[in-house]
Amino acid sequence: FALEKPVCLLKTLMYYPLALLLLAVTAQASVLTLKSPRFVVSDSTGNQLRAEPTASPVKLGARESLKITFQVVDKEDEKGVQPHQTFIRFYDESTGEEGIQPVRVTPGGKAKFDLNLSKPPLYLPPTSDKPLKVSLIIGTPNYDPISAQLFDLVLPRSQPAPVHPDEAVFHPRPELQHTFRPEQKVPNKFISLVFSGIAIAPWFVLLGLWSQVAPRATGLFSPSILPFIASLGAFEVLLFTYWVKLRLGDVLLYGGILGVVTVFTGRRALSSIAAKRTQ
């Protein structure tokens, strides 16, 4: 029993290289290849202009069409295989632009791809004087992927895309630089007081002249007249405060309250003056 485990381990080590060899042979057998690749160039009426196995370069006119046919087979037994994914790639080395189009493959591995330039497909990249590299990309489980270069394709130069009138809006714009309004410059307080005095001075002159011309009012400080004078002064203070900091809604509210007070005090003042005159 003591020798049984070492013997089993030795046998395993002896068969391990053989298993690796069988795995390598199996991996090499899982290879796909292309059978009978061929292209046909036709004009707008369907007449064949060129038909041969893949060669380079292939040139197409503005109204010509290209047909590519091939079969995907297992390299070992040459049986047709339907890949999981098959693509035709058009690549422009000068600009780095590319276009990729899927290709349908039958269960027998046969595939056909058509390109008609009378109605250029959208997957074609913009073309210039340089040819496009046409390659075939195939991928499927249990097989190594294929990336085969087919030929160089020369196409008519594509027209530039029309410029949209709003194209400039979608380009990067200059960075916005925010400029804030500078603080308001306030004049010197002494200068403000001087000009305020100049603006108020005519009122003092007017009051002085009015005191010399107008008849003297008597009883202004009596208890029946003084509240009316005070309410009129409150109106003046309210209008001045509105000019400084109040809003119109506040002035209407406070003015309505003062209006009621002024009405009652005014009626009382007029009644007292009328009583004095009747005496």
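Modeller: One cut-off before we start: buried means under 20% relative accessible area, exposed means over 50%, and partly exposed is in between. Also, this is a predicted model.

Biologist: Fine. Where does Lys-133 fall on that scale?
Modeller: Lys-133 counts as partly exposed, because its relative accessibility is 23%.

Biologist: What does its side chain pair with?
Modeller: Lys-133 meets Asp-152 in a salt bridge, 3.2 Å from N to O. Lys-133 is in strand β8 and Asp-152 in strand β9, so the pair ties together parts 19 residues apart in sequence.

Biologist: And Asp-152, buried or exposed?
Modeller: Buried, with a relative accessible area of 15%.

Biologist: How many salt bridges does the structure hold?
Modeller: Three. Another joins Arg-157 and Asp-129, at 3.3 Å from N to O. That pair links distant parts of the chain: Arg-157 is in the loop between β9 and α2, Asp-129 in the loop between β7 and β8, 28 residues apart. Arg-157 is exposed at 54%, and Asp-129 is exposed at 66%.

Biologist: Which residue does Glu-98 bridge to?
Modeller: Arg-89, with the closest N and O atoms 2.7 Å apart. Glu-98 is partly exposed at 40%, and Arg-89 is partly exposed at 24%.

Biologist: Back to strands. What's the order in the open sheet?
Modeller: β3-β9-β8-β5-β6, five strands with mixed pairing. β3 (58–59) and β6 (98–102) are the edges; each has a single partner strand, so one side of each is left without a neighbour in the sheet.

Biologist: How do β5 and β6 pair?
Modeller: Antiparallel, over five bridges. Arg-89 has Ile-100 in β6 as its bridge partner.

Biologist: What about β1 and β2?
Modeller: They form a hairpin with five residues between them. Gly-46 in the turn has a positive phi of about 95°. Five bridges join the two strands, which run antiparallel. Phe-39 sits opposite Glu-52 in β2. β1 also pairs with β4, antiparallel, over nine bridges.

Biologist: Now the core. Which residues have the most contacts inside the largest one?
Modeller: Leu-66, Phe-90, Leu-115 and Leu-153, in a nonpolar core of 29 residues. β1, β4, β5, β7, β8 and β9 each supply at least two residues of this core.

Biologist: What does Phe-90 touch?
Modeller: Leaving aside neighbours within four places in sequence, its contacts include Phe-113, Leu-115, Leu-132, Val-134 and Leu-153. Glu-98 and Lys-133 are also among them.

Biologist: Which residues make the nonpolar surface patch?
Modeller: Phe-190, Ile-191, Val-194, Phe-195 and Ile-198, covering about 530 Å². Val-194 is in helix α2 (residues 189–213). At 38% relative accessibility, Val-194 is partly exposed.

Conventions:
Residues are numbered from 1 along each chain as its sequence is written. This is a predicted model: local features need pLDDT of at least 70, side-chain atom pairs count only at pLDDT 80 or more; totals for chains, interfaces and linings use all residues. Side-chain values use heavy atoms; hydrogens and water are left out. Two strands pair if DSSP finds at least two bridges between them. Helices (H or I, at least four residues) and strands (E, at least two) are DSSP runs, numbered from the N terminus. Patches are made of residues with over 30% relative accessible area and no salt bridge: like charges are joined within 9 Å, nonpolar side chains (Val, Leu, Ile, Met, Phe, Trp, Tyr) within 5 Å. Accessible areas come from the Shrake-Rupley method with a 1.4 Å probe; for residues, only the protein chains shown count as cover. A salt bridge is a side-chain nitrogen of Lys or Arg within 4 Å of a carboxyl oxygen of Asp or Glu. Buried means under 20% relative accessible area, exposed over 50%, partly exposed in between (1.4 Å probe, protein chains only). A nonpolar core is a set of buried Ala, Val, Leu, Ile, Met, Phe, Trp, Tyr and Cys residues joined through side-chain atoms within 4.5 Å. Contact means heavy atoms within 4.5 Å.
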